[in-house]
Amino acid sequence: MKILNAKGDSNYHTHTIFCDGKDEPEILVKEAIRLGMKELGFSGHEYTSFDGDFCMSLENTANYREIITDLKEAYRDQISIRMGIERDLFCDETDLTYDYVIGSAHYVPVEGGYLSVDDTPKIMEDGVEKYFGGDFRSYVEKYYETVSRVPEVTKCDIVGHFDLVKKFNEGNRYWDEDAPWYRDAALTALHEAAKNRPVFEINTGGMARGYRKDPYPAAFILEELEKLEIPLILSSDCHDHRYLTYGFDQFCGMYRKVNIE
Ligand SMILES: [Zn+2]
Ligand SMILES: [Zn+2]
């Protein structure tokens with residue numbers, strides 16, 4: 001398996017106070033330098049008209065761009081800083097350019113709007129009841145159908161947390177992740193999403209926040225990515241500087257073999 005930053009000395013999935021992260025960007029830059037990292041990429045949640053809670057407002061987008069540009073210059077002798085964006089499939093179109101784009105699916109389209117897949121278990125449960133008649137399989141299949149279009153729609157360089165839909169499903173609480181239908185849905189979507197040959201993340205964000213014991217994506221998806229010879233990138237989906245490289249050590253040095261428990 002090819003992990004582009006297998007030394008764990010960079011992270012490209014980083015959130016700040018401009019969206020739903022806890023820290024000012026400079027705190028994260030200082031932490032990255034302290035950890036001896038070579039590169040730090042910021043990836044604020046791009047403006048989405050229907051979700052003001054997690055995404056950057058238009059005003060914050062302008063501030064984000066200005067501050068990251070200033071930090072790039074101020075710290076250029078110590079660390080390489082890149083200004084990326086995390087773009088949801090349902091973000092509004094923009095002409096703003098970034099150093100790179102992480103493409104993600106955080107919602108499934110439902111009648112009259114969007115259902116968040118990663119907000120809270122209660123929001124997911126209520127949404128599945130209301131829009132899918134309580135059928136988690138239909139909900140999950142809708143998610144995979146949605147995420148399969150992420151590279152084509154977002155024109156991303158990196159596909160973010162490919163199986164985010166499992167966030168609240170630790171211990172198979174809502175459905176069985178070993179079930180053939182589940183694996184089929186995930187792998188069919190994976191083949192579609194891999195057509196444009198983007199990089200995929202190994203994202204430890206759900207582990208850092210205690211939701212999951214395994215990363216996004218699961219081992220069976222990583223195995224398929226290996227067969228497809230798609231490169232991977234370690235990413236912490238950082239929302240708190242204390243977890244800037246959370247879990248990276250367990251993937252550094254084991255990248256020839258998928259063996260995640
Ligand atoms: Zn995300
Ligand atoms: Zn993120």
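To start with a detail: is the crossing in which H1 passes H2 right-handed or left-handed? H1 passes H2 in a right-handed crossing. Before I go further, please keep in mind that this is a predicted model.

Let me stay with that pair. Helix H1 covers residues 25–34, and its axis comes within 10 Å of the axis of H2, with a crossing angle of roughly 30°. At that angle, H1 is therefore roughly parallel to H2. On the H1 side the contact is made by Pro-25, Glu-26 and Val-29, and on the H2 side by Ile-67, Ile-68 and Leu-71. Sorted by class, the residues of this contact are five nonpolar, no polar and one charged.

Now the overall picture. The protein has eight helices and nine strands. Its radius of gyration is 18 Å, close to the 18 Å that the globule rule gives for 261 residues, so the protein is as compact as a globular protein of that length. Along the principal axes, the C-alpha atoms fill a box of roughly 55 × 45 × 30 Å.

Next, the sheet. Strands of a sheet pair through backbone hydrogen bonds, either parallel or antiparallel. Here, seven strands form an open sheet, and the pairing is parallel. If you want to trace the sheet on the screen, the order is E1-E2-E3-E4-E7-E8-E9. Which strands are at the edges? They are E1, at 10–11, and E9, at 232–235, and each of them pairs on one side only.

Within the sheet, take E2 and E3 as an example. E2 spans residues 39–45, E3 spans residues 80–88, and the two run parallel, joined by seven bridges. One point to look for is Phe-42, whose bridge partner in E3 is Met-83. Helix H2, residues 58–74, lies across E2 and E3, and runs at about 155° to E3. This is the H2 that H1 passes in the right-handed crossing I began with.

E5 and E6 pair with each other in the antiparallel sense, over four bridges. E5 is residues 107–110 and E6 is residues 113–116. Tyr-107 stands opposite Ser-116 in E6. The two strands form a hairpin with two residues between them, and in the turn Gly-112 has a positive phi of about 80°.

Back to helix packing. Two packed helices are described by the angle between their axes and the distance between the axes. For H4, residues 136–147, and H6, residues 180–193, the axes come within 8 Å and cross at roughly 10°. H4 and H6 are therefore roughly parallel to each other. H4 passes H6 in a right-handed crossing. H4 contributes Arg-137, Val-140, Glu-141, Tyr-144, Glu-145 and Val-147 to the contact, while H6 contributes Trp-181, Tyr-182, Ala-185, Ala-186, Ala-189 and Ala-193. By class, that contact has nine nonpolar, no polar and three charged residues.

H6 also meets H8, which is residues 219–227; their axes come within 11 Å and cross at roughly 35°. This crossing is right-handed as well. The contact is made by Arg-183, Ala-186, Leu-187 and Leu-190 of H6 with Phe-220, Ile-221 and Glu-224 of H8. Those residues divide into five nonpolar, no polar and two charged. Ala-186 of H6 takes part in the contact with H4 and in the contact with H8.

Last, two backbone details. Most residues other than glycine have a negative phi, and most peptide bonds are trans. Where is Asn-172? Asn-172 is in the loop between strand E7, at 158–159, and H6. Its phi is near 55°, a positive value in a residue other than glycine. The second detail is the peptide bond from Tyr-216 to Pro-217, which is cis, with omega near -5°. Pro-217 is in the loop between helix H7, at 205–208, and H8.

That is what I had; I can turn the view to any of these places.

Conventions:
Residues are numbered from 1 along each chain as its sequence is written. Chains are lettered from A and ligands numbered from 1 in the order in which they are written. This is a predicted model: local features need pLDDT of at least 70, side-chain atom pairs count only at pLDDT 80 or more; totals for chains, interfaces and linings use all residues. Axes are lines fitted to C-alpha atoms, for helices over the stretch in contact, and angles run from 0 to 180 degrees between N-to-C directions. Angles under 35 degrees count as roughly parallel, over 145 as roughly antiparallel, 65 to 115 as roughly perpendicular and the rest as oblique. A crossing is left-handed if the near helix is turned anticlockwise from the far one by less than a right angle, and right-handed if clockwise. Two residues are in contact if their C-beta atoms, placed from the backbone, lie within 7 Å. Ala, Val, Leu, Ile, Met, Phe, Trp, Tyr, Cys and Pro count as nonpolar, Asp, Glu, Lys and Arg as charged, and the others, Gly among them, as polar. Two strands pair if DSSP finds at least two bridges between them. The radius of gyration is taken over C-alpha atoms; the globule rule is 2.2 Å times the number of residues to the power 0.38.
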